[in-house]
Amino acid sequence: MDDPIPTLLQDTDDPIPTPLQDMDNDIPKRSSKTRRRNANTKGRSQRRRNEEEQCRKEEEQCREEDERAKELARKREENRVEEEKISALLIYCRRQFMADMPNLPLYPHIVEERPHIITILQEEELQTRMPLSRKSIDDEVPDFDWLTEPGLHIGLTKEGEFRFASKIHGPEFSLKEDADIMQKCLTKLMKISAAMPKITKNAAHAQSRLDKEGVETKSEGVMKVPAGHHASQEKGKSVVHYAPIDTLTAARSLDEWMRLGEAEFIEKFYTYRLALISPMCLHNFVTIGIKHSLPPFGQTDFNGSNAGFPFAGNLAVTYDNFSNLLHRDGDISDYAFGIWWNAEKDARTKEYTPHFTADAAKKTEGGAFLFAIYGYGVDFEKCPNVVENIWRGSRDMHCTLHSTSSGTWTRFGTSTQTSRVLAKRTEALANMPPEDRDSKVISGLTRNASTILSRPSPLQQIPLDLVQSALMAPAANAHCNYERLETLGDAILKFVTSVRLLAEHPHWPEGFLTKRKDHAVSNAYLAQSAIG
(Lines give C-alpha, C1' and ligand atoms only; values in the text may rest on other atoms or scores of the structure.)
Protein backbone atom coordinates (compact mmCIF):
# COMPACT_ATOMS: atom_id res chain seq x y z
CA MET A 1 0.00 0.00 0.00
CA ASP A 2 1.35 3.28 -1.02
CA ASP A 3 2.11 5.88 1.56
CA PRO A 4 -0.35 8.69 0.99
CA ILE A 5 1.91 11.25 2.60
CA PRO A 6 5.07 11.78 0.59
CA THR A 7 8.19 12.35 2.47
CA LEU A 8 10.57 15.21 1.88
CA LEU A 9 13.04 12.77 0.42
CA GLN A 10 10.63 11.12 -1.86
CA ASP A 11 11.72 11.16 -5.41
CA THR A 12 9.62 13.35 -7.64
CA ASP A 13 9.94 14.69 -11.16
CA ASP A 14 9.86 18.31 -10.02
CA PRO A 15 13.05 19.77 -8.64
CA ILE A 16 13.10 20.92 -5.13
CA PRO A 17 12.96 24.74 -5.08
CA THR A 18 15.65 26.61 -3.25
CA PRO A 19 15.46 30.17 -1.76
CA LEU A 20 17.61 31.58 -4.57
CA GLN A 21 15.38 29.97 -7.10
CA ASP A 22 12.40 31.58 -5.43
CA MET A 23 14.06 35.01 -5.72
CA ASP A 24 14.94 34.36 -9.35
CA ASN A 25 11.41 33.45 -10.13
CA ASP A 26 10.13 36.68 -8.51
CA ILE A 27 12.48 39.04 -10.43
CA PRO A 28 10.35 39.34 -13.62
CA LYS A 29 7.34 40.18 -11.56
CA ARG A 30 9.20 42.82 -9.56
CA SER A 31 10.86 44.32 -12.66
CA SER A 32 7.51 44.72 -14.35
CA LYS A 33 6.15 46.51 -11.34
CA THR A 34 9.22 48.72 -11.18
CA ARG A 35 8.93 49.60 -14.83
CA ARG A 36 5.27 50.43 -14.34
CA ARG A 37 6.13 52.49 -11.29
CA ASN A 38 8.96 54.25 -13.11
CA ALA A 39 6.73 54.85 -16.10
CA ASN A 40 4.10 56.33 -13.84
CA THR A 41 6.75 58.50 -12.22
CA LYS A 42 8.07 59.68 -15.59
CA GLY A 43 4.52 60.38 -16.73
CA ARG A 44 3.87 62.45 -13.65
CA SER A 45 7.18 64.29 -14.14
CA GLN A 46 6.37 65.00 -17.80
CA ARG A 47 2.92 66.22 -16.89
CA ARG A 48 4.44 68.36 -14.20
CA ARG A 49 6.99 69.75 -16.66
CA ASN A 50 4.23 70.36 -19.20
CA GLU A 51 2.19 72.12 -16.58
CA GLU A 52 5.20 74.20 -15.57
CA GLU A 53 5.92 75.05 -19.24
CA GLN A 54 2.30 75.98 -19.74
CA CYS A 55 2.41 78.16 -16.65
CA ARG A 56 5.63 79.75 -17.86
CA LYS A 57 4.10 80.45 -21.28
CA GLU A 58 1.00 81.88 -19.67
CA GLU A 59 3.11 84.07 -17.42
CA GLU A 60 5.21 85.20 -20.42
CA GLN A 61 2.04 85.89 -22.38
CA CYS A 62 0.71 87.89 -19.47
CA ARG A 63 3.95 89.85 -19.28
CA GLU A 64 3.82 90.51 -23.05
CA GLU A 65 0.23 91.63 -22.77
CA ASP A 66 1.18 93.90 -19.89
CA GLU A 67 4.07 95.32 -21.93
CA ARG A 68 1.79 95.83 -24.92
CA ALA A 69 -0.74 97.54 -22.72
CA LYS A 70 1.97 99.74 -21.23
CA GLU A 71 3.35 100.51 -24.73
CA LEU A 72 -0.13 101.32 -25.97
CA ALA A 73 -0.70 103.58 -22.99
CA ARG A 74 2.68 105.21 -23.57
CA LYS A 75 1.89 105.77 -27.25
CA ARG A 76 -1.52 107.14 -26.36
CA GLU A 77 0.14 109.52 -23.95
CA GLU A 78 2.72 110.50 -26.57
CA ASN A 79 -0.05 111.01 -29.12
CA ARG A 80 -1.98 113.08 -26.61
CA VAL A 81 1.09 115.19 -25.89
CA GLU A 82 1.84 115.42 -29.61
CA GLU A 83 -1.74 116.42 -30.33
CA GLU A 84 -1.51 119.06 -27.63
CA LYS A 85 1.77 120.28 -29.14
CA ILE A 86 0.26 120.35 -32.63
CA SER A 87 -2.83 122.14 -31.33
CA ALA A 88 -0.63 124.66 -29.54
CA LEU A 89 1.52 124.91 -32.66
CA LEU A 90 -1.52 125.53 -34.84
CA ILE A 91 -2.74 128.21 -32.46
CA TYR A 92 0.72 129.77 -32.40
CA CYS A 93 1.01 129.69 -36.19
CA ARG A 94 -2.43 131.17 -36.71
CA ARG A 95 -1.65 133.97 -34.28
CA GLN A 96 1.85 134.66 -35.58
CA PHE A 97 1.42 133.99 -39.30
CA MET A 98 -2.27 133.85 -40.23
CA ALA A 99 -4.19 136.43 -38.22
CA ASP A 100 -6.01 137.63 -41.35
CA MET A 101 -6.33 134.21 -43.04
CA PRO A 102 -8.36 132.00 -40.66
CA ASN A 103 -9.73 129.76 -43.43
CA LEU A 104 -6.42 128.96 -45.10
CA PRO A 105 -5.19 125.36 -44.58
CA LEU A 106 -2.19 125.28 -42.26
CA TYR A 107 0.64 122.73 -42.42
CA PRO A 108 3.24 123.04 -39.63
CA HIS A 109 6.46 121.09 -40.27
CA ILE A 110 8.90 120.22 -37.47
CA VAL A 111 12.32 120.61 -39.07
CA GLU A 112 15.95 120.26 -38.10
CA GLU A 113 19.21 121.06 -39.83
CA ARG A 114 20.59 118.23 -41.98
CA PRO A 115 24.13 119.26 -42.97
CA HIS A 116 24.79 116.02 -44.86
CA ILE A 117 22.24 117.13 -47.50
CA ILE A 118 24.28 120.26 -48.20
CA THR A 119 27.43 118.16 -48.56
CA ILE A 120 25.74 115.78 -51.02
CA LEU A 121 24.20 118.54 -53.12
CA GLN A 122 27.38 120.63 -53.25
CA GLU A 123 29.28 117.59 -54.50
CA GLU A 124 26.65 117.23 -57.23
CA GLU A 125 27.12 120.90 -58.19
CA LEU A 126 30.87 120.39 -58.25
CA GLN A 127 30.56 117.47 -60.64
CA THR A 128 28.05 119.06 -63.04
CA ARG A 129 29.34 122.65 -62.68
CA MET A 130 25.80 123.96 -62.94
CA PRO A 131 22.73 124.48 -60.72
CA LEU A 132 20.83 121.49 -59.40
CA SER A 133 17.77 119.89 -61.00
CA ARG A 134 14.83 118.01 -59.48
CA LYS A 135 16.14 114.74 -60.92
CA SER A 136 19.54 115.13 -59.30
CA ILE A 137 17.94 115.73 -55.90
CA ASP A 138 15.60 112.74 -56.27
CA ASP A 139 18.61 110.58 -57.12
CA GLU A 140 20.94 111.86 -54.40
CA VAL A 141 18.45 112.63 -51.56
CA PRO A 142 15.38 110.36 -51.97
CA ASP A 143 13.83 111.45 -48.65
CA PHE A 144 13.69 115.13 -49.64
CA ASP A 145 10.24 116.59 -48.82
CA TRP A 146 8.39 118.57 -51.50
CA LEU A 147 5.67 121.11 -50.73
CA THR A 148 2.85 121.33 -53.31
CA GLU A 149 -0.38 121.29 -51.31
CA PRO A 150 -2.29 124.63 -51.31
CA GLY A 151 -2.12 126.33 -47.93
CA LEU A 152 0.43 127.87 -45.61
CA HIS A 153 3.42 125.64 -44.80
CA ILE A 154 5.44 126.71 -41.75
CA GLY A 155 8.85 125.23 -40.89
CA LEU A 156 9.54 125.30 -37.15
CA THR A 157 12.11 123.65 -34.90
CA LYS A 158 11.09 121.47 -31.94
CA GLU A 159 11.60 124.54 -29.78
CA GLY A 160 9.11 126.50 -31.91
CA GLU A 161 11.67 128.72 -33.67
CA PHE A 162 10.67 129.91 -37.15
CA ARG A 163 12.76 128.74 -40.12
CA PHE A 164 10.73 129.17 -43.33
CA ALA A 165 7.23 129.63 -44.71
CA SER A 166 5.61 128.89 -48.06
CA LYS A 167 2.15 130.09 -48.97
CA ILE A 168 0.88 128.08 -51.95
CA HIS A 169 -2.28 129.54 -53.42
CA GLY A 170 -4.99 127.20 -54.61
CA PRO A 171 -6.54 127.21 -58.11
CA GLU A 172 -8.64 130.18 -57.04
CA PHE A 173 -7.60 133.08 -54.83
CA SER A 174 -9.49 133.37 -51.56
CA LEU A 175 -10.49 136.92 -52.46
CA LYS A 176 -11.11 138.37 -55.93
CA GLU A 177 -9.45 141.58 -54.76
CA ASP A 178 -6.22 139.66 -54.15
CA ALA A 179 -6.22 138.35 -57.72
CA ASP A 180 -6.92 141.81 -59.18
CA ILE A 181 -4.23 143.55 -57.15
CA MET A 182 -1.69 140.81 -57.83
CA GLN A 183 -2.47 140.89 -61.58
CA LYS A 184 -1.99 144.67 -61.67
CA CYS A 185 1.18 144.72 -59.57
CA LEU A 186 2.97 141.85 -61.28
CA THR A 187 2.13 143.19 -64.75
CA LYS A 188 3.70 146.55 -63.87
CA LEU A 189 6.72 144.82 -62.36
CA MET A 190 7.34 142.72 -65.46
CA LYS A 191 7.01 145.78 -67.70
CA ILE A 192 9.62 147.86 -65.88
CA SER A 193 11.92 144.83 -65.56
CA ALA A 194 12.22 144.73 -69.36
CA ALA A 195 13.84 148.19 -69.24
CA MET A 196 16.51 147.20 -66.74
CA PRO A 197 19.98 145.81 -67.49
CA LYS A 198 20.74 142.17 -66.77
CA ILE A 199 22.88 141.34 -63.74
CA THR A 200 25.68 139.10 -64.96
CA LYS A 201 27.27 138.22 -61.61
CA ASN A 202 25.02 137.95 -58.59
CA ALA A 203 25.62 137.23 -54.95
CA ALA A 204 24.23 133.70 -55.31
CA HIS A 205 27.28 132.67 -57.33
CA ALA A 206 29.69 134.79 -55.30
CA GLN A 207 28.59 133.10 -52.06
CA SER A 208 28.58 129.57 -53.47
CA ARG A 209 31.22 126.92 -52.78
CA LEU A 210 32.09 126.57 -56.48
CA ASP A 211 32.84 130.26 -56.90
CA LYS A 212 34.95 130.34 -53.74
CA GLU A 213 36.97 127.37 -55.04
CA GLY A 214 37.50 129.10 -58.39
CA VAL A 215 35.36 126.64 -60.38
CA GLU A 216 33.79 128.20 -63.46
CA THR A 217 30.04 127.62 -63.55
CA LYS A 218 27.30 128.10 -66.11
CA SER A 219 24.84 130.90 -65.37
CA GLU A 220 21.21 130.27 -66.30
CA GLY A 221 18.32 132.67 -66.84
CA VAL A 222 17.97 136.40 -66.28
CA MET A 223 18.18 138.44 -63.08
CA LYS A 224 17.32 142.13 -62.92
CA VAL A 225 16.72 144.69 -60.19
CA PRO A 226 13.94 147.03 -61.34
CA ALA A 227 13.63 148.87 -58.03
CA GLY A 228 15.88 149.73 -55.12
CA HIS A 229 19.29 151.03 -54.18
CA HIS A 230 22.80 149.66 -54.18
CA ALA A 231 26.27 150.68 -53.07
CA SER A 232 27.83 152.84 -55.79
CA GLN A 233 31.02 151.82 -57.58
CA GLU A 234 31.68 155.39 -58.73
CA LYS A 235 34.45 157.31 -57.04
CA GLY A 236 33.14 159.75 -54.45
CA LYS A 237 29.60 158.32 -54.54
CA SER A 238 27.95 156.24 -51.87
CA VAL A 239 24.43 155.12 -52.84
CA VAL A 240 22.85 154.79 -56.27
CA HIS A 241 19.31 154.02 -57.32
CA TYR A 242 19.10 151.26 -59.92
CA ALA A 243 18.90 152.79 -63.38
CA PRO A 244 17.43 151.46 -66.66
CA ILE A 245 18.99 150.72 -70.01
CA ASP A 246 19.89 153.87 -71.97
CA THR A 247 17.05 153.76 -74.49
CA LEU A 248 14.18 156.10 -75.20
CA THR A 249 11.57 153.39 -74.54
CA ALA A 250 13.17 152.49 -71.21
CA ALA A 251 13.35 156.11 -70.15
CA ARG A 252 9.70 156.70 -70.98
CA SER A 253 8.70 153.61 -69.01
CA LEU A 254 10.83 154.82 -66.15
CA ASP A 255 9.37 158.32 -66.30
CA GLU A 256 5.90 156.77 -66.00
CA TRP A 257 7.24 154.54 -63.21
CA MET A 258 8.22 157.67 -61.28
CA ARG A 259 5.36 160.04 -62.07
CA LEU A 260 2.60 157.55 -61.29
CA GLY A 261 4.32 156.18 -58.20
CA GLU A 262 4.51 152.66 -59.62
CA ALA A 263 7.60 151.75 -57.57
CA GLU A 264 5.93 152.83 -54.36
CA PHE A 265 2.78 150.90 -55.31
CA ILE A 266 4.75 147.68 -55.77
CA GLU A 267 6.63 148.27 -52.53
CA LYS A 268 3.34 148.66 -50.63
CA PHE A 269 2.03 145.53 -52.31
CA TYR A 270 5.03 143.47 -51.16
CA THR A 271 4.80 144.93 -47.67
CA TYR A 272 1.13 143.95 -47.52
CA ARG A 273 1.76 140.40 -48.78
CA LEU A 274 4.52 139.85 -46.22
CA ALA A 275 2.40 141.25 -43.40
CA LEU A 276 -0.40 138.82 -44.26
CA ILE A 277 1.91 135.83 -43.84
CA SER A 278 4.22 136.91 -41.03
CA PRO A 279 4.05 140.24 -39.19
CA MET A 280 7.11 139.01 -37.26
CA CYS A 281 9.25 138.95 -40.41
CA LEU A 282 7.99 142.37 -41.49
CA HIS A 283 8.91 143.69 -38.04
CA ASN A 284 12.45 142.39 -38.60
CA PHE A 285 12.71 144.33 -41.88
CA VAL A 286 11.38 147.49 -40.23
CA THR A 287 13.69 147.24 -37.21
CA ILE A 288 16.81 146.81 -39.35
CA GLY A 289 15.68 149.56 -41.74
CA ILE A 290 15.26 152.05 -38.90
CA LYS A 291 18.60 151.11 -37.35
CA HIS A 292 20.54 151.67 -40.59
CA SER A 293 18.43 154.51 -42.10
CA LEU A 294 17.61 152.31 -45.12
CA PRO A 295 15.26 153.62 -47.79
CA PRO A 296 12.63 151.16 -49.09
CA PHE A 297 13.10 149.94 -52.65
CA GLY A 298 10.05 151.91 -53.81
CA GLN A 299 11.47 155.30 -52.78
CA THR A 300 12.79 157.12 -55.86
CA ASP A 301 13.69 160.46 -54.23
CA PHE A 302 16.14 159.25 -51.59
CA ASN A 303 18.77 161.89 -50.81
CA GLY A 304 20.52 160.27 -47.87
CA SER A 305 18.37 161.59 -45.06
CA ASN A 306 14.72 161.19 -46.07
CA ALA A 307 14.29 157.41 -45.84
CA GLY A 308 10.62 156.44 -45.91
CA PHE A 309 8.85 153.54 -44.20
CA PRO A 310 11.71 151.04 -43.85
CA PHE A 311 11.48 147.81 -45.83
CA ALA A 312 13.84 145.90 -48.13
CA GLY A 313 16.54 147.89 -49.92
CA ASN A 314 15.90 146.39 -53.36
CA LEU A 315 13.70 143.98 -55.26
CA ALA A 316 15.27 141.40 -57.60
CA VAL A 317 13.32 139.81 -60.48
CA THR A 318 14.29 136.56 -62.24
CA TYR A 319 12.90 134.83 -65.33
CA ASP A 320 13.83 132.87 -68.50
CA ASN A 321 14.60 129.66 -66.58
CA PHE A 322 16.69 131.34 -63.90
CA SER A 323 18.50 129.04 -61.50
CA ASN A 324 21.41 129.45 -59.11
CA LEU A 325 23.80 127.54 -56.88
CA LEU A 326 23.42 126.72 -53.20
CA HIS A 327 24.34 129.85 -51.28
CA ARG A 328 23.65 132.24 -48.43
CA ASP A 329 22.79 135.87 -49.16
CA GLY A 330 25.02 138.72 -48.06
CA ASP A 331 22.03 140.49 -46.52
CA ILE A 332 21.80 142.29 -43.23
CA SER A 333 18.16 141.32 -42.75
CA ASP A 334 17.40 137.94 -41.18
CA TYR A 335 14.70 137.07 -43.68
CA ALA A 336 13.97 137.35 -47.40
CA PHE A 337 10.55 137.34 -49.06
CA GLY A 338 9.62 136.50 -52.64
CA ILE A 339 6.76 135.69 -55.01
CA TRP A 340 6.77 133.24 -57.95
CA TRP A 341 4.28 133.09 -60.84
CA ASN A 342 4.02 132.09 -64.50
CA ALA A 343 3.59 134.49 -67.41
CA GLU A 344 3.17 134.42 -71.18
CA LYS A 345 4.97 136.77 -73.56
CA ASP A 346 2.98 138.45 -76.31
CA ALA A 347 4.74 137.86 -79.63
CA ARG A 348 3.74 141.27 -81.00
CA THR A 349 4.05 143.63 -78.01
CA LYS A 350 6.82 141.63 -76.27
CA GLU A 351 5.04 142.22 -72.96
CA TYR A 352 4.31 139.55 -70.36
CA THR A 353 0.91 138.69 -68.90
CA PRO A 354 0.71 136.77 -65.59
CA HIS A 355 -1.49 133.66 -65.44
CA PHE A 356 -2.70 132.17 -62.17
CA THR A 357 -3.70 128.62 -63.13
CA ALA A 358 -2.34 125.09 -62.71
CA ASP A 359 -2.07 124.73 -66.50
CA ALA A 360 0.12 127.84 -66.64
CA ALA A 361 2.41 126.40 -63.94
CA LYS A 362 2.97 123.28 -66.04
CA LYS A 363 4.13 125.35 -69.04
CA THR A 364 7.51 125.55 -67.30
CA GLU A 365 8.98 122.13 -66.57
CA GLY A 366 10.98 121.64 -63.42
CA GLY A 367 12.05 124.48 -61.19
CA ALA A 368 11.77 124.61 -57.41
CA PHE A 369 12.96 126.62 -54.44
CA LEU A 370 15.00 124.74 -51.85
CA PHE A 371 15.16 125.28 -48.10
CA ALA A 372 18.04 122.88 -48.57
CA ILE A 373 19.51 122.66 -45.06
CA TYR A 374 16.18 121.32 -43.77
CA GLY A 375 15.49 118.90 -46.63
CA TYR A 376 12.40 120.78 -47.89
CA GLY A 377 11.57 122.35 -51.24
CA VAL A 378 8.66 123.97 -53.08
CA ASP A 379 7.97 122.26 -56.42
CA PHE A 380 6.68 125.13 -58.58
CA GLU A 381 5.60 122.89 -61.45
CA LYS A 382 3.13 121.02 -59.23
CA CYS A 383 1.82 124.09 -57.40
CA PRO A 384 -1.56 125.18 -58.81
CA ASN A 385 -1.03 128.92 -58.51
CA VAL A 386 1.16 131.72 -57.16
CA VAL A 387 3.73 130.84 -54.46
CA GLU A 388 5.00 133.19 -51.75
CA ASN A 389 8.09 132.17 -49.75
CA ILE A 390 9.87 133.45 -46.65
CA TRP A 391 13.33 132.10 -45.84
CA ARG A 392 16.40 132.97 -43.79
CA GLY A 393 18.48 134.13 -46.71
CA SER A 394 21.58 135.22 -44.84
CA ARG A 395 21.70 132.14 -42.58
CA ASP A 396 20.42 129.06 -44.42
CA MET A 397 21.62 127.47 -47.65
CA HIS A 398 19.02 127.84 -50.42
CA CYS A 399 18.78 127.90 -54.21
CA THR A 400 16.48 127.82 -57.24
CA LEU A 401 16.49 124.66 -59.35
CA HIS A 402 16.94 124.33 -63.10
CA SER A 403 13.78 124.66 -65.23
CA THR A 404 12.77 124.57 -68.90
CA SER A 405 10.07 126.81 -70.39
CA SER A 406 7.99 126.00 -73.45
CA GLY A 407 7.31 128.53 -76.20
CA THR A 408 6.50 132.02 -74.98
CA TRP A 409 6.00 130.98 -71.35
CA THR A 410 8.36 131.60 -68.45
CA ARG A 411 8.34 131.54 -64.67
CA PHE A 412 9.02 134.80 -62.86
CA GLY A 413 10.47 134.97 -59.37
CA THR A 414 11.22 137.85 -57.03
CA SER A 415 13.04 138.41 -53.76
CA THR A 416 13.35 141.37 -51.41
CA GLN A 417 16.90 141.96 -50.21
CA THR A 418 19.03 144.42 -48.25
CA SER A 419 22.78 144.02 -48.57
CA ARG A 420 25.16 144.62 -45.69
CA VAL A 421 27.25 147.01 -47.78
CA LEU A 422 24.20 149.16 -48.59
CA ALA A 423 23.22 149.26 -44.90
CA LYS A 424 26.69 150.52 -43.95
CA ARG A 425 26.52 153.21 -46.65
CA THR A 426 23.06 154.51 -45.67
CA GLU A 427 23.94 154.52 -41.98
CA ALA A 428 27.07 156.55 -42.75
CA LEU A 429 25.04 158.96 -44.92
CA ALA A 430 22.59 159.60 -42.09
CA ASN A 431 25.48 160.78 -39.89
CA MET A 432 26.99 163.12 -42.53
CA PRO A 433 26.44 166.88 -42.72
CA PRO A 434 23.75 167.78 -45.29
CA GLU A 435 26.21 169.54 -47.62
CA ASP A 436 28.37 166.41 -47.86
CA ARG A 437 25.45 164.01 -48.04
CA ASP A 438 23.84 165.42 -51.20
CA SER A 439 26.90 164.81 -53.33
CA LYS A 440 27.11 161.17 -52.26
CA VAL A 441 23.73 160.05 -53.60
CA ILE A 442 22.86 159.47 -57.27
CA SER A 443 19.26 159.22 -58.33
CA GLY A 444 19.72 156.98 -61.34
CA LEU A 445 16.05 157.28 -62.16
CA THR A 446 16.04 161.06 -62.44
CA ARG A 447 19.43 161.25 -64.13
CA ASN A 448 18.75 158.68 -66.83
CA ALA A 449 15.15 159.67 -67.48
CA SER A 450 15.86 163.39 -67.84
CA THR A 451 18.95 162.84 -69.98
CA ILE A 452 17.32 160.43 -72.39
CA LEU A 453 13.98 162.21 -72.62
CA SER A 454 15.75 165.48 -73.44
CA ARG A 455 17.35 163.95 -76.53
CA PRO A 456 15.82 164.98 -79.87
CA SER A 457 13.58 162.40 -81.49
CA PRO A 458 15.05 160.62 -84.57
CA LEU A 459 11.96 161.72 -86.50
CA GLN A 460 13.06 165.35 -86.10
CA GLN A 461 16.11 164.64 -88.29
CA ILE A 462 14.02 163.55 -91.31
CA PRO A 463 13.39 166.34 -93.88
CA LEU A 464 9.78 167.51 -93.92
CA ASP A 465 9.30 167.00 -97.69
CA LEU A 466 10.40 163.35 -97.30
CA VAL A 467 7.85 162.85 -94.52
CA GLN A 468 5.14 164.34 -96.74
CA SER A 469 6.07 162.02 -99.60
CA ALA A 470 5.94 158.99 -97.28
CA LEU A 471 2.41 159.90 -96.15
CA MET A 472 0.92 160.89 -99.54
CA ALA A 473 -1.13 158.29 -101.48
CA PRO A 474 -1.19 158.31 -105.33
CA ALA A 475 -4.96 158.90 -105.30
CA ALA A 476 -4.36 162.36 -103.84
CA ASN A 477 -2.95 163.50 -107.24
CA ALA A 478 -0.33 165.58 -105.42
CA HIS A 479 3.05 166.51 -106.81
CA CYS A 480 4.60 163.63 -104.85
CA ASN A 481 3.54 160.29 -103.31
CA TYR A 482 5.01 157.30 -101.56
CA GLU A 483 5.41 154.99 -104.58
CA ARG A 484 9.16 155.59 -105.00
CA LEU A 485 9.73 155.17 -101.27
CA GLU A 486 7.51 152.09 -101.35
CA THR A 487 9.86 150.49 -103.85
CA LEU A 488 12.80 151.17 -101.55
CA GLY A 489 10.87 149.91 -98.52
CA ASP A 490 9.87 146.68 -100.28
CA ALA A 491 13.48 146.01 -101.19
CA ILE A 492 14.66 146.58 -97.61
CA LEU A 493 11.85 144.43 -96.21
CA LYS A 494 12.67 141.54 -98.55
CA PHE A 495 16.38 141.84 -97.76
CA VAL A 496 15.85 141.81 -93.97
CA THR A 497 13.36 138.93 -94.24
CA SER A 498 15.75 136.88 -96.38
CA VAL A 499 18.65 137.40 -93.99
CA ARG A 500 16.52 136.35 -91.04
CA LEU A 501 15.24 133.23 -92.80
CA LEU A 502 18.77 132.22 -93.75
CA ALA A 503 19.90 132.66 -90.15
CA GLU A 504 16.97 130.77 -88.63
CA HIS A 505 16.91 127.91 -91.18
CA PRO A 506 20.48 127.25 -92.37
CA HIS A 507 19.58 123.85 -93.88
CA TRP A 508 16.45 124.80 -95.82
CA PRO A 509 16.67 124.57 -99.63
CA GLU A 510 16.23 127.65 -101.80
CA GLY A 511 12.64 126.77 -102.76
CA PHE A 512 11.47 126.62 -99.12
CA LEU A 513 13.20 129.89 -98.31
CA THR A 514 11.62 131.66 -101.31
CA LYS A 515 8.10 130.48 -100.44
CA ARG A 516 8.48 131.50 -96.79
CA LYS A 517 9.92 134.90 -97.80
CA ASP A 518 7.09 135.57 -100.28
CA HIS A 519 4.54 134.72 -97.60
CA ALA A 520 6.24 136.90 -94.97
CA VAL A 521 6.29 140.01 -97.21
CA SER A 522 2.83 139.51 -98.74
CA ASN A 523 0.31 142.30 -98.25
CA ALA A 524 -2.22 139.97 -96.62
CA TYR A 525 0.28 138.74 -94.02
CA LEU A 526 1.60 142.23 -93.30
CA ALA A 527 -1.92 143.64 -92.93
CA GLN A 528 -2.88 140.86 -90.54
CA SER A 529 0.29 141.42 -88.50
CA ALA A 530 -0.33 145.17 -88.38
CA ILE A 531 -3.81 144.83 -86.88
CA GLY A 532 -2.57 142.25 -84.41
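**Notes on rings, charges and a nonpolar patch**

1. Let's start with a charge over a ring: Arg134 sits over the face of Trp146, 4.1 Å from the ring centre. Please keep in mind throughout that this is a predicted model. A second example of a charge over a ring is Lys184, which lies over the face of Phe265 at 5.0 Å from the ring centre.

2. Now to the rings themselves. How many aromatic pairs does the structure hold? There are 20 aromatic pairs. One of them joins Phe144 and Trp146 in a tilted arrangement, with 5.1 Å from centre to centre and 45° between the planes. Are Phe144 and Trp146 buried or exposed? Both Phe144 and Trp146 are buried. Another pair, Trp508 and Phe512, is edge-to-face, with the centres 6.2 Å apart and 90° between the planes. Trp508 has a relative accessible area of 29%, so this residue counts as partly exposed.

3. Ring pairs connect Phe164, Trp340, Phe369, Phe371, Tyr374, Tyr376, Phe380 and Trp391 into a cluster. If you select these residues in your viewer, keep an eye on Tyr374, a member of the cluster that returns in the next point.

4. Arg392 deserves a look of its own. This arginine is placed in the loop between strand S13 (387-391) and strand S14 (399-400). Is Arg392 buried or exposed? Arg392 counts as buried because its relative accessible area is 9%, and the cut-off for buried is under 20%. Leaving aside residues up to four places away in sequence, Arg392 touches Glu113, Phe162, Arg163, Asp334, Tyr335 and Tyr374.

5. On to the salt bridges, of which the structure holds 14. As a reminder, side chains of opposite charge can pair when their charged atoms come close. Arg74 and Glu71 form one of these bridges, with their closest N and O atoms 2.2 Å apart. Why are the two residues separated by about one helical turn? Arg74 and Glu71 are three residues apart in helix H1 (residues 19-96), which accounts for that separation. Arg74 is partly exposed at 38% relative accessibility, and Glu71 is partly exposed at 31%.

6. A second bridge brings together the side chains of Asp143 and Arg114, at 2.6 Å from N to O. This pair links distant parts of the chain, the two residues being 29 residues apart. Asp143 is in the loop between helix H3 (134-140) and strand S2 (145-147), while Arg114 is in the loop between strand S1 (106-110) and helix H2 (115-128). Asp143 is partly exposed, with a relative accessible area of 44%, whereas Arg114 is buried at 15%.

7. Two further salt-bridge entries are worth checking. The side chains of Glu267 and Lys268 meet at 4.0 Å, N to O. Glu267 counts as buried at 2% relative accessibility, whereas Lys268 is partly exposed at 41%. Elsewhere, Glu53, Arg56 and Glu60 are linked in a network of salt bridges.

8. Helix H14 (464-471) and helix H15 (483-504) each supply at least two residues of the patch. Which helix gives the most? H15 does, with six residues.

9. Finally, two backbone angles to check. Ser293 has a phi near 55°, a positive value in a residue other than glycine. Ser293 lies in the loop between helix H9 (279-291) and strand S7 (314-323) and is partly exposed at 23% relative accessibility. Asp320 also has a positive phi near 55° and is likewise not a glycine. Where does Asp320 lie? Asp320 is in strand S7, and its relative accessible area of 35% makes this residue partly exposed.

Definitions and conventions:
Residues numbered from 1 in each chain as written. Predicted model: local features only at pLDDT ≥ 70, side-chain atom pairs only at ≥ 80, totals over all residues. Heavy atoms only, no water. Helix = DSSP H or I, 4+ residues; strand = E, 2+ residues; numbered from the N terminus. Buried < 20%, exposed > 50% of the residue type's maximum accessible area, 1.4 Å probe, protein only. Phe/Tyr/Trp six-rings, centres within 6.5 Å; stacked < 30°, edge-to-face > 60°. Lys NZ or Arg CZ within 6 Å of the ring centre and 35° of its normal. Contact = heavy atoms within 4.5 Å.
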